[in-house]
Protein chains: 2
Amino acid sequence: MEQPHKVVIVGGGFGGLHAVRALRRAPVDITLIDRRNFHLFQPLLYQVATGGLSPANIAAPLRSVLKRQKNARVLMAEVCGFDLSDRRVLLKDASVPYDSLVVAAGSESFFFGHADWERWAPALKGVEDATAIRRRILMAFEMAERETDPQKILQWLTFVIVGGGPTGVELAGALAEVACFTLRNEFRSIDPRDSRIILLEGQDRILPSYPAELSWKAKAHLENICVTVRTGVSVTDIQPEAVTFRVGDHTETISAKTIVWSAGVRASPLGRLLSEAAGISVDRQGRVPVLPDLTVPGRPDIFVIGDLACCLHQTGAPLPGIAPVAIQQGRYVARVIQSRLQGETLPPFRYRDYGTMATIGRGRAVAMIGPLRLSGFVAWLAWLFVHLMSIVAFENRLLILLQWAWNYCTWNRAARLITGETVF
Amino acid sequence: MEQPHKVVIVGGGFGGLHAVRALRRAPVDITLIDRRNFHLFQPLLYQVATGGLSPANIAAPLRSVLKRQKNARVLMAEVCGFDLSDRRVLLKDASVPYDSLVVAAGSESFFFGHADWERWAPALKGVEDATAIRRRILMAFEMAERETDPQKILQWLTFVIVGGGPTGVELAGALAEVACFTLRNEFRSIDPRDSRIILLEGQDRILPSYPAELSWKAKAHLENICVTVRTGVSVTDIQPEAVTFRVGDHTETISAKTIVWSAGVRASPLGRLLSEAAGISVDRQGRVPVLPDLTVPGRPDIFVIGDLACCLHQTGAPLPGIAPVAIQQGRYVARVIQSRLQGETLPPFRYRDYGTMATIGRGRAVAMIGPLRLSGFVAWLAWLFVHLMSIVAFENRLLILLQWAWNYCTWNRAARLITGETVF
């Protein structure tokens, strides 16, 4: 009997997982390889970092999601290379053969060549990052409560967020909510409302990928809840307890105990490994250039999707590294693989932009949905609906909704645990 | 104006937190000192270790619990000593004065003088322990799935729990549920139902502090769900991947990749520090002997309660280290402190035993409530009710109930994240 077509998918993020799901009725043998045992709903990581949700609320075990999909198996392992001539994905102590390969390994945070900054300004990328940032934020208030020197109290109560994209904006908004509302009445020596939350952005407006109108609305919302927004600044140095940046023609330093990085990402190193094996080169962000059918040039059996791919939009610009792109690409490659098995070909991948959105603290958001530009509470409801509907496990959806309803009504956040190593 | 009476309470566990709450209407100034920023509902830690609940579900931030209690402040700090002549609790870089001191620092896991065993057989005591054990358990199944050598697969699928008290029994039951039901259909190479779960107990029956009848019922329940119960064994060595124990007159070794310790606890080291300062000595488990009013001999202003106290029952035996004892003692010392301020005295502390209970996997428990001896589903409902009602934050109660209802109906466990350092 003929062996079924072997599909190997590297990465259980939005792109990889949707590719696996879209192949559920195809006569193929799927192996999904991921370093982690769960799919993470990254758009809500900032809620974990600010104590609104638990990690398990925004993560779904991959095996659980795929338990009924009999043509798929999950392998928790780290990919360390590709053998394209023998058609194998290399693990540390084994290798997995493929007929079609989909690489969806995503991106990692990037400090523009200053890897040492990460120590002082952790980035919000994985679950461990989120709980570590949560620990830092909550510890800052604890330390301020114990401090008597007003200068040091101010340092503990100063929070700098570097990068005004959606993650930075959402984190700043949630942090302001924590300082002004959640922690109200919880301290006796300090008033958490004295916190300074400073959002730094290099371009001339926050949310630079959004229409200008929404950027201004987001800025106004943030300033309303006491976030200081500084645009057109470029960070030149990050020290243990200070950020230095250039703005116009002078240099400024802010003294802060808590600094969070949300300024840049770059493609997973697997992109370079794959490109080298295929004899092509990656772009400046480490992404693999792909053809209109999302395959690697000269390798029709290898697809790259999501943040790892440099895929040009119909308009000629590269597609942004956001979940909807990855999801649509995952579904597209699943259709390509099925069509080929039936001897058919598909038209090139086309991205349909249904819109993007970002929240700004409690009950406020900005959104563009097709021609619509929304802001305020309506946008927040739209944001809530879209995000809840996109979460993979039904159970999580229900629990998150309840947790949020509770948080919203009581101003509380229950997942405020300081865990891991603490320093006194 | 006269300064209010200063009460310092060390430890925000069951004893300490209930003492603070019971003083909410007293004309005193309370400082609650804890190393952690949350109260932990330890009886449900085994649910975190087996992926049924998230840490935040069983923890309540101390500041949030006490935010409306204006006479109490929370200090997150590590106590490193006591200055009894100056009436001060010593922190690393500060000290806190008291008029009345309540020490409720609890217990820690104890390896009977073999501290090196902890590396191979972690104990289930704190939140970090629970997520570390969860990681080990879940990684064992992942590694077994990747393994081809049947001997090694068996090692990965062998789980040994040392200690047959309530924690060991509950953990063994939950682990059996995970292996037999939750993970069913999730693996393609192994069958998690092939797991061997072995519970080792030194005495001649598990749950030795319960009536014999309930011990036998618990054993029968556990064997029903494929847990191997070995009693009368004494562990003599724990190596990286094996447990050696003596049973009768011979020695046996079980080869297992996952070993969990639930065999012993001893009092917090603060007990010894306090005793030395007070010129008395601790008992063999490191507990501080207390008078019938729970004060330290010769120090009427210092109370010791909960696991840290060696308090004799009306019958002459020391009270066990369980939550109901600590709670009743916390409330009692609050009443003593208030009475003294009014120039009154109270009769000695009397422990009222309302009963104890333990669950054994899905929908089964054993309980003794007064003269009643329950087992099976009824006992489980009683267990559920008592535990839910005792959880401090209302929100947690609701979310846990929903999470359990969902887990119970779907056999699922959502909090199955492998986080922290993973080894491939």
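## Overall make-up

Chain A contains 12 helices and 25 strands, where helices (H or I, at least four residues) and strands (E, at least two) are DSSP runs numbered from the N terminus. This is a predicted model, in which local features need pLDDT of at least 70 and side-chain atom pairs count only at pLDDT 80 or more, while totals for chains, interfaces and linings use all residues. Residues are numbered from 1 along each chain as its sequence is written, and chains are lettered from A and ligands numbered from 1 in the order in which they are written.

The mean pLDDT (the predictor's confidence in each residue, from 0 to 100) of chain A is 92, and 98% of its residues reach 70 or more. The model has an ipTM of 0.90 and a pTM of 0.92.

## Dimensions and packing of chain A

The radius of gyration of chain A is 22 Å, which agrees with the value near 22 Å for a compact globule of 424 residues. That radius is taken over C-alpha atoms, and the globule rule is 2.2 Å times the number of residues to the power 0.38. Along the principal axes, the C-alpha atoms of chain A fill a box of roughly 75 × 50 × 50 Å.

Of the 424 residues in chain A, 49% are buried. A residue is buried if 20 or more other C-beta atoms lie within 10 Å of its own, exposed if 12 or fewer, and partly exposed in between, with C-beta atoms placed from the backbone. Among contacts (C-beta atoms, placed from the backbone, within 7 Å) in chain A between residues at least 6 apart in sequence, 62% join residues at least 24 apart.

## Val10(A)

Val10(A) belongs to strand 1 (residues 5–10) of chain A. Val10(A) counts as buried because it has 28 C-beta neighbours inside 10 Å. Leaving aside neighbours within four places in sequence, Val10(A) has contacts that include Gly16(A), Ile33(A), Val79(A) and Leu270(A). Leu374(A) is 364 residues away from Val10(A) in sequence and 36 Å away in space, C-alpha to C-alpha.

## A three-stranded sheet

In chain A, 3 strands form an open sheet in the order 14-15-16, with antiparallel pairing; two strands pair if DSSP finds at least two bridges between them. Strand 14 (233–239) and strand 16 (250–255) are the edge strands, each pairing on one side only. Neighbouring strands of this sheet are turned by 25° against each other on average, direction ignored. For such angles, axes are lines fitted to C-alpha atoms, for helices over the stretch in contact, and angles run from 0 to 180 degrees between N-to-C directions.

Strand 14 is joined to strand 15 (residues 242–247) of chain A by 6 bridges. Val233(A) stands opposite Val247(A) in strand 15.

## Contact between the chains

Chain A and chain B each give 41 residues to the contact. On the side of chain A that touches chain B, the largest share, 6 residues, comes from helix 12 of chain A. By class, this side has 19 nonpolar, 9 polar and 13 charged residues. Ala, Val, Leu, Ile, Met, Phe, Trp, Tyr, Cys and Pro count as nonpolar, Asp, Glu, Lys and Arg as charged, and the others, Gly among them, as polar.

## Positive phi values

Most residues other than glycine have a negative phi. Arg87(A), in the loop between strand 6 (79–83) and strand 7 (88–91) of chain A, has a positive phi near 55°. Arg87(A) is partly exposed, with 18 other C-beta atoms within 10 Å.

Asn185(B) has a positive phi of about 75° and is found in the loop between helix 7 (166–182) and strand 12 (196–200) of chain B. With 14 C-beta neighbours inside 10 Å, Asn185(B) counts as partly exposed.

How values were computed
Two residues are in contact if their C-beta atoms, placed from the backbone, lie within 7 Å.
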